[in-house]
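Visitor: I am new to this structure. Please take me in close to the ligand and its surroundings. After that, show me some side-chain contacts elsewhere.

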Amino acid sequence: MTAEPHVARNYAPLDVTIAEAEGVWATDVDGRRYLDMLAGYSALNFGHRHPDLVAAATEQLSRATLTSRAFRSDQLEPFAAALAELCGKDLVLPMNTGAEAVETGIKVARAWGYRVKGVAPDAATIVVAHGNFHGRTSTIVGFSDDEEARGDFGPFAPGFVSVPFGDADAIAAAIDETTVAVLIEPIQGEAGVVVPPDGYLRRVREITSEQNVLFVADEIQSGLGRTGTTFACDREGVVPDLYLLGKALGGGIVPVSAVVGDEAVLGVLRPGEHGSTFGGNPLASAVGLRVVQLLQGGEIVERAGMLGDHLESLLEPLVGRGITGFRRVGLWAGVDIDPAAGTGREITEALLGRGVLAKDTHGQTVRLAPPLTIRASELSWGVEQLRIVLDRDSSA
Ligand SMILES: *Cc1c(COP(=O)(O)O)cnc(C)c1O
């Protein structure tokens, strides 16, 4: 008997039932408190129930929540204008989930390929990277190389070519006259915070510009402050043709995603060709606008950089003492657990016992991505719990 007998078993949650949460802390049904070091896979970059975001949502709840795009609302254009400005782009196409933003990016890239680049009908291809995670739709898992994600879910949509992540020459070699886009995560989050070599994103930008191919950056997890810059692409001074955004864009309150690009690309879509009942709804737009305003303040992004340096200094002493290594960008780390200390899952279970919420990925990696609003002292306390857990397990 599981604790959720009526919930389909497509997840295996840790043994905790959360009832309330505020800022960086969650409280379970028995009143125990936990430091949230996962932050909803970065959907909670601003923490749980950030007062400004709750205020924006509450105010909008008393005005209008859903119009459908059959009519305009007074909330969508202000949100789109602010987000376009944050991205330095012309247009915003609002959706709800990350996977929908990715699907939208794929459709836009193909339409651009046929209508602007002149690719032969139905021949468009998109170059992706090994180890990618772009969501769970049948098209998206079709170009994943994670067997668990693909398994019994075929047949899959054709038109994708996968090359090693971090290898710009492999991208150049994969491009031919059918290529409409290169779709990558600037840093691969689900893969374990995998950071490509310096200069990779710049080379991808050069290659795609030279070859008249769109550069589509999936910043759904890496974007909106997590890396200490607004976008992970900013770290190399690179601007993609399309940003795919989600997760933190909804402030942890409502699902909000978006594709952001210039008129020359996103402008290819005509009325009726794409849409979403909930995409760009007034509630989502009101929250999304406030999220963009929080980011424009710059303070939260700066904190991610500062706290990230602190996180690095806390993790360094653990190398060789329960962890074999780690990758860290901004306030985002993939920590490789020494198998002698346990599996990633065992470590997250032990962390739970010490009041820390974290999630393993790919067996031996634990991802740390606390809200960007966390205090340095809270971060120290959280990593101290990891140190204790690793110590106990390796001496057991
Ligand atoms: C989470 C994620 C997605 C999918 O977002 P959903 O909202 O879960 O559909 C897509 N791309 C990346 C990089 C992600 O981290």
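Guide: Start with one term. A polar contact is a pair of N or O atoms within 3.5 Å. Keep in mind that this is a predicted model.

Now look at the ligand. Around the ligand stand Thr 97, Gly 98, Ala 99, Phe 133, His 134, Gly 135, Glu 185, Asp 218, Ile 220, Gln 221 and Lys 247.

At Phe 133 the backbone does the work: one of its polar atoms is 3.4 Å from a nitrogen atom of the ligand. At Asp 218 the side chain takes part, with a polar atom 2.7 Å from a ligand nitrogen. Gln 221 also uses its side chain. An N or O atom there is 2.7 Å from an oxygen atom of the ligand. How much of the ligand does the protein cover? On its own, the ligand has 380 Å² of accessible area, and the protein covers 81% of that.

Next, step away from the ligand to the salt bridges. The count comes to 19. Begin with Arg 115 and Glu 273, whose side chains meet with N and O 2.7 Å apart. This pair reaches across the chain. Arg 115 belongs to helix α4 (residues 98-117), while Glu 273 sits in the loop between α9 (263-266) and α10 (282-296). Arg 115 is partly exposed, because its relative accessibility is 38%. Glu 273 is partly exposed too, at 29%.

A second salt bridge joins Asp 169 and Arg 203, with 3.9 Å between the closest N and O atoms. Asp 169 lies in helix α7 (residues 168-174) and Arg 203 in helix α8 (residues 200-210), so the bridge ties together parts 34 residues apart in sequence. Asp 169 is exposed, because its relative accessible area is 54%. Arg 203, at 32%, is partly exposed.

Then see Asp 360 and Lys 359. Their side chains form a salt bridge, 3.7 Å from N to O. Asp 360 has 12% relative accessibility and so counts as buried. Lys 359 has 27% and is partly exposed. Elsewhere, salt bridges with shared partners join Asp 28, Asp 30 and Arg 32 into one network.

Now turn to a pair of strands. Strand β1 (residues 18-22) runs antiparallel to strand β2 (residues 25-28), and four bridges join them. Across the pair, Glu 20 stands opposite Thr 27 in β2. The strands make a hairpin with two residues between them. There, Gly 23 takes a positive phi near 60°.

End at strand β5 (residues 125-129), which holds Thr 125. Why does Thr 125 count as buried? Its relative accessible area is 16%, and buried means under 20%. The side chain of Thr 125 makes a polar contact with the side chain of Thr 178, at 2.8 Å.

Definitions and conventions. Residues are numbered from 1 along each chain as its sequence is written. This is a predicted model: local features need pLDDT of at least 70, side-chain atom pairs count only at pLDDT 80 or more; totals for chains, interfaces and linings use all residues. Side-chain values use heavy atoms; hydrogens and water are left out. A residue is near a molecule or strand if one of its heavy atoms lies within 4 Å of it. A polar contact is a pair of N or O atoms within 3.5 Å; within protein, one must be able to donate a hydrogen and the other to accept it, and residues adjacent in sequence count only if both atoms are side-chain atoms. Accessible areas come from the Shrake-Rupley method with a 1.4 Å probe; for residues, only the protein chains shown count as cover. A salt bridge is a side-chain nitrogen of Lys or Arg within 4 Å of a carboxyl oxygen of Asp or Glu. Buried means under 20% relative accessible area, exposed over 50%, partly exposed in between (1.4 Å probe, protein chains only). Two strands pair if DSSP finds at least two bridges between them.
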